[in-house]
2 protein chains.
Amino acid sequence: MKLYDLELSGNCYKVRLFAALANIELEIVPVDFMAGEHKSSVMLALNPFGQLPVLEHGEVVLRDSQAMLVYLARLYDLESWLPSDPQQMAEVQQWLSTAANEIQHGPNVARLVDKFGFEFDKPTALDISAGILTLLNDHLAEHDWLALGHPTIADCAVMPYVAIAPEGGISLDDYPHILAWIDRIKQLPGFIGMPGQV
Amino acid sequence: MKLYDLELSGNCYKVRLFAALANIELEIVPVDFMAGEHKSSVMLALNPFGQLPVLEHGEVVLRDSQAMLVYLARLYDLESWLPSDPQQMAEVQQWLSTAANEIQHGPNVARLVDKFGFEFDKPTALDISAGILTLLNDHLAEHDWLALGHPTIADCAVMPYVAIAPEGGISLDDYPHILAWIDRIKQLPGFIGMPGQV
């Protein structure tokens with residue numbers, strides 16, 4: 001199973017992290033993002049969105065990191081990481097949407113501006129970040145994990161861009177419950193980090 | 001099963017639409033958004049995010065429209081709308097992420113500015129919209145439905161804000177395959193519309 005990967009991408013790290021925690025072997029294929037290789041005709045044929053990561057497993061080709069977590073969890077019957085029970089699956093799904101929505105457009109966009117020089121709207125990204133980090137911190141004041149009382153793919157989807165938020169000029173010092181949650185994730189067997197992570 | 005609802009919300013409409021297509025009965029509880037009722041203590045106790053819709057079914061309370069689609073599909077074993085096969089579930093998931101990401105921050109934000117006077121960054125929303133509508137149009141040039149060759153919850157998640165994009169100043173005239181797809185959805189048995197829809 002190939003993961004077309006960029007080491008500095010939080011979206012790529014979501015998949016590497018979950019694979020490491022769940023003991024799933026990935027063949028990492030580095031893509032030269034700075035040279036624009038993710039927009040090459042070969043990569044666009046795999047992913048018309050022109051983004052990383054891309055997961056390729058036989059005839060299966062996926063372009064979205066949340067979908068990759070769902071795929072791996074269901075493929076290997078990892079019920080604890082993504083239960084098939086309707087209520088439990090939906091509770092995990094809520095956080096997959098949060099990862100694609102507020103986390104993507106908050107901490108991720110702020111970091112794209114500061115670290116990579118993208119000309120996105122930083123004030124909007126900071127507003128979105130402040131809102132979602134406060135909600136996350138409040139939630140984690142009462143819960144050790146985002147959903148279901150144990151680690152799930154929700155934690156793998158949400159944590160990466162939160163833990164590198166300082167690279168977008170966002171301090172996590174005011175969010176002690178978030179920092180404690182990141183530490184809990186770091187203690188999980190098989191954990192791997194990424195550059196820039198708190 | 002109660003849906004705390006706002007008629008003019010595309011996120012609420014996602015759930016009403018899927019319930020109508022799948023013949024699921026919902027008790028609609030209108031919430032007075034303009035009066036700020038979604039931020040009342042009662043509503044914040046149900047959803048700390050302070051957003052609509054909220055789905056309440058016994059002890060189950062969900063705050064995210066994609067999660068509600070997943071919940072209903074799994075609860076009623078609607079395999080065709082959300083298959084349990086890993087590859088097929090992941091293909092649907094990709095579009096749930098698109099709904100929470102590009103659709104939410106593209107056509108939805110543009111409409112919030114134009115129709116409701118929110119002070120969000122309209123140029124960014126228009127850029128995101130142009131990108132995702134082009135990708136969607138290209139995809140739908142070769143596929144009748146977003147995933148799996150038949151209607152799924154992916155269509156219910158993505159279509160609502162696309163079909164009301166003109167309310168955010170975004171014409172769909174340049175996207176004929178999107179318009180044809182919306183028409184296909186409208187032909188599904190049980191279809192219901194929402195105000196402002198093309």
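This is a predicted model: local features need pLDDT of at least 70, side-chain atom pairs count only at pLDDT 80 or more; totals for chains, interfaces and linings use all residues.
**How the chains are related**

Chain A can be superposed on chain B by a turn of 180 degrees with a shift of 0.0 Å along the axis, and the RMSD is then 0.0 Å. This is the relation of a two-fold axis. In chain A, the residue that comes closest to the rotation axis is Asn101(A), with its C-alpha at 2.4 Å. Of the interface residues of chain A, 100% are also interface residues in chain B, so the copies meet through the same surface.

**The interface between chain A and chain B**

The contact between the chains involves 36 residues of chain A and 36 residues of chain B. Together the two chains bury about 3000 Å², and carbon and sulfur atoms give 63% of that area. On the side of chain A, the residues that lose the most area to chain B are Phe49(A), Gln93(A) and Gln94(A), which together account for 18% of what that side buries.

Ten residue pairs are in polar contact between chain A and chain B, counting pairs with both residues at pLDDT 80 or more. Which elements of chain A each supply at least two residues to this side? They are β4 (60-62), α3 (65-75), α4 (86-116) and α5 (122-142). The largest share comes from α4(A), with 16 residues. Sorted by class, the side of chain A that touches chain B has 18 nonpolar, eleven polar and seven charged residues. How many salt bridges does the rule find across this interface? The count is zero.

**The two domains of chain A**

Chain A is assigned domain 1 (2-75) and domain 2 (86-186). The C-alpha centres of these two domains of chain A lie 20 Å apart. Where the domains meet, 15 residues of domain 1 of chain A are in contact with 14 residues of domain 2 of chain A. They bury about 1300 Å² between them, with 76% of it on carbon and sulfur atoms. Within domain 1 of chain A, Leu8(A), Lys14(A) and Gln66(A) supply 34% of the area buried against domain 2, more than any other three residues.

The rule finds zero salt bridges between domain 1 and domain 2 of chain A. Three residue pairs are in polar contact there, with both residues at pLDDT 80 or more. On the side of domain 1 that touches domain 2, the elements of chain A giving two or more residues are α1 (10-21) and α3. The most comes from α1(A), with seven residues. By class, this side of domain 1 of chain A divides into ten nonpolar, four polar and one charged.

| Interface | Buried area | Carbon and sulfur atoms |
|---|---|---|
| Chain A and chain B | about 3000 Å² | 63% |
| Domain 1 and domain 2 of chain A | about 1300 Å² | 76% |

**One residue in chain B**

Glu167(B) is located in the loop between α6 (153-163) and α7 (176-186) of chain B. Which residues does Glu167(B) contact, leaving aside neighbours within four places in sequence? They are Arg111(B), Asp114(B), Lys115(B), Pro195(B) and Gly196(B). With one of them, Lys115(B), the side chain of Glu167(B) makes a polar contact, side chain to side chain, at 3.3 Å. Ala157(B) is ten residues away from Glu167(B) along the chain, and the C-alpha atoms of the two are separated by 18 Å.

Key. Residues are numbered from 1 along each chain as its sequence is written. Chains are lettered from A and ligands numbered from 1 in the order in which they are written. Side-chain values use heavy atoms; hydrogens and water are left out. Contact means heavy atoms within 4.5 Å. Buried area is the accessible area (1.4 Å probe) that two parts lose on being put together, summed over both. A salt bridge is a side-chain nitrogen of Lys or Arg within 4 Å of a carboxyl oxygen of Asp or Glu. A polar contact is a pair of N or O atoms within 3.5 Å; within protein, one must be able to donate a hydrogen and the other to accept it, and residues adjacent in sequence count only if both atoms are side-chain atoms. Helices (H or I, at least four residues) and strands (E, at least two) are DSSP runs, numbered from the N terminus. Ala, Val, Leu, Ile, Met, Phe, Trp, Tyr, Cys and Pro count as nonpolar, Asp, Glu, Lys and Arg as charged, and the others, Gly among them, as polar. Domain bounds come from an automatic or database domain assignment. Copies are superposed by least squares on the C-alpha atoms of residues with pLDDT of at least 70 in both.
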